[in-house]
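Let's take a walk through this structure together. Have a look at it first, and then we'll pick out a pair of neighbouring pieces before stepping back.

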Amino acid sequence: MPIIRSTPRPSPQDALAEGPDAVPVGMRIAASFSWRLLIVAAALAVVVALVVVLQDIVVPFLIALLLCALLAPISAFLQRHRWPKWTAVLSSLVVLVLAIGTLALVVTAQIRYDLPSLEHRLHRSVLSLQTLLDSQPFGITVHDVNSWVSKGTDYLQAHASSILSGFQAAGSSAVHALEGLFIVVFTTLFVLIDGRRIWGWVVRLFPRRARARIGVAGEAGWHTLTSFIRVQLIVAVTDALGVAIGALALQVPLAVPIAVIVFLGAFVPVVGAIVAGTVAVIVALVFNGWVTALFMLGVVLVVQQIESHVLHPFLTGSAVKVHPLGVALGVVAGTTLAGVVGAFFAVPFIATVNAMVLAAARWRPEDGDGDGSGDGASAAVAAPTSVDPTTAPSSSTSSSSSSTSSSSSSSSTESASDRVDSAPGADHGGVQS
């Protein structure tokens with residue numbers, strides 16, 4: 001008869017004394033994720049702190065990257081038509097400077113042209129406002145207004161020192177602006193001329209096994225950034241033309257400056273459209289009355305509806321590939337963290353990072369570094385399983401050459417991560433050669 005030995009059931013005290021096995025699996029997984037997330041959050045906090053400290057360098061550098069994304073297609077087009085690289089880059093910069101200068105001249109000319117009529121309209125609007133305030137239910141007389149003006153003058157005289165310090169801070173800001181302009185110009189030049197080698201140096205900073213993945217992610221991010229800038233330029237021009245045509249039809253003064261404000265505001269989604277539309281309506285209200293202001297508000301709303309329901313779904317959606325809720329939250333977060341600068345860079349930053357993360361997640365080692373070298377290695381490995389005796393020498397020669405090709409392809413695949421330059425058709429941050 002077999003002897004069955006019974007095993008005593010462990011007591012709760014013994015179970016607690018077993019060490020890590022006593023911790024539930026879910027708790028261990030949660031703890032593993034938690035400390036990793038804390039390390040990632042700490043690293044991001046350090047990066048944000050460095051950006052804040054070096055903001056006088058980081059912000060001009062980011063502006064230069066956006067300019068490069070705008071000018072790189074122009075430079076690449078000229079180089080495809082046999083222009084030397086330096087000539088193509090300088091021509092692109094000259095086109096940008098001429099466009100900005102022409103726009104500034106047109107704005108200045110219209111302000112000078114409308115200035116006499118603006119003074120008359122402004123005086124009439126002030127008289128109408130005084131009449132409105134003097135009536136019920138406001139009951140604000142001219143004496144009250146003059147008293148407020150005198151109090152404001154006394155306040156300015158009493159705080160003249162603080163105002164002077166503010167002007168000194170503005171002078172320091174002007175110096176920083178000149179430094180930033182210098183960084184923007186030189187960064188744009190060097191990235192357009194030698195962007196591929198600069199990106200190669202950045203890739204070499206990462207571990208060897210991660211270089212191919214980083215290269216593919218950089219290519220995807222740069223492609224998304226250039227597409228976003230082109231699409232946003234089309235949207236901004238469309239909005240500016242629509243508001244300018246409406247302002248000219250309603251005989252609202254300063255139509256071209258309003259169009260410029262709308263053009264610049266279109267590069268800041270959600271917030272920029274609201275601010276630019278508010279400026280257009282206020283100008284119409286001050287110089288043309290409330291009826292014209294209502295019509296101007298209708299024009300702004302129509303333009304914004306066309307942008308939201310026609311342009312963005314067909315253009316921005318394919319370029320950015322980020323949900324509108326993510327765009328809105330990103331703009332709000334950027335505004336909270338860095339004000340206007342954060343709102344301006346929020347959407348291109350989100351779109352670029354999203355494209356880079358998705359490309360890095362989809363990359364596989366057999367894909368090579370984006371130039372299709374991985375496929376050649378797999379194709380060269382295939383060899384016949386039988387050899388005809390009558391053709392043994394040629395077969396051995398063929399087999400030898402095939403093995404040589406296989407080994408070279410394999411070494412090519414293994415060293416794919418060492419290469420920093422991508423294929424001729426890929427653009428990793430510069431113009432095409």
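Start with helix H7 (residues 211–249) and helix H8 (residues 255–265): their axes come within 8 Å and cross at roughly 155°. Angles over 145 degrees count as roughly antiparallel, so H7 is roughly antiparallel to H8. Keep in mind that you're looking at a predicted model. The crossing of H7 and H8 is also right-handed.

Which residues in H7 and H8 meet? On the H7 side you'll find Leu233, Ala236, Val237, Asp239, Ala240, Val243, Ala244, Ala247 and Leu248, while H8 brings Ala255, Ile258, Ala259, Val262 and Phe263. Sort the residues of this contact by type and you get 13 nonpolar, no polar and one charged.

Now for the inside of the protein. The largest nonpolar core has 21 residues, and Leu192, Trp222, Leu225 and Ile229 have the most contacts inside it. Helix H3 (55–80), helix H4 (85–134), helix H6 (160–204), H7 and helix H11 (324–362) each give two or more residues to this core. Zoom in on Ile229: leaving aside neighbours within four places in sequence, this isoleucine is in contact with Leu66, Ala69 and Leu70. There's a second, separate core too, with 18 residues, including Val283, Ala293, Val300 and Val303.

Finally, step back to the whole chain. The protein chain has 13 helices and zero strands. Of its 433 residues, 29% count as buried. And if you take contacts between residues at least 6 apart in sequence, 73% of them join residues at least 24 apart.

Key. Residues are numbered from 1 along each chain as its sequence is written. This is a predicted model: local features need pLDDT of at least 70, side-chain atom pairs count only at pLDDT 80 or more; totals for chains, interfaces and linings use all residues. Side-chain values use heavy atoms; hydrogens and water are left out. Axes are lines fitted to C-alpha atoms, for helices over the stretch in contact, and angles run from 0 to 180 degrees between N-to-C directions. Helices (H or I, at least four residues) and strands (E, at least two) are DSSP runs, numbered from the N terminus. Angles under 35 degrees count as roughly parallel, over 145 as roughly antiparallel, 65 to 115 as roughly perpendicular and the rest as oblique. A crossing is left-handed if the near helix is turned anticlockwise from the far one by less than a right angle, and right-handed if clockwise. Contact means heavy atoms within 4.5 Å. Ala, Val, Leu, Ile, Met, Phe, Trp, Tyr, Cys and Pro count as nonpolar, Asp, Glu, Lys and Arg as charged, and the others, Gly among them, as polar. A nonpolar core is a set of buried Ala, Val, Leu, Ile, Met, Phe, Trp, Tyr and Cys residues joined through side-chain atoms within 4.5 Å. Buried means under 20% relative accessible area, exposed over 50%, partly exposed in between (1.4 Å probe, protein chains only).
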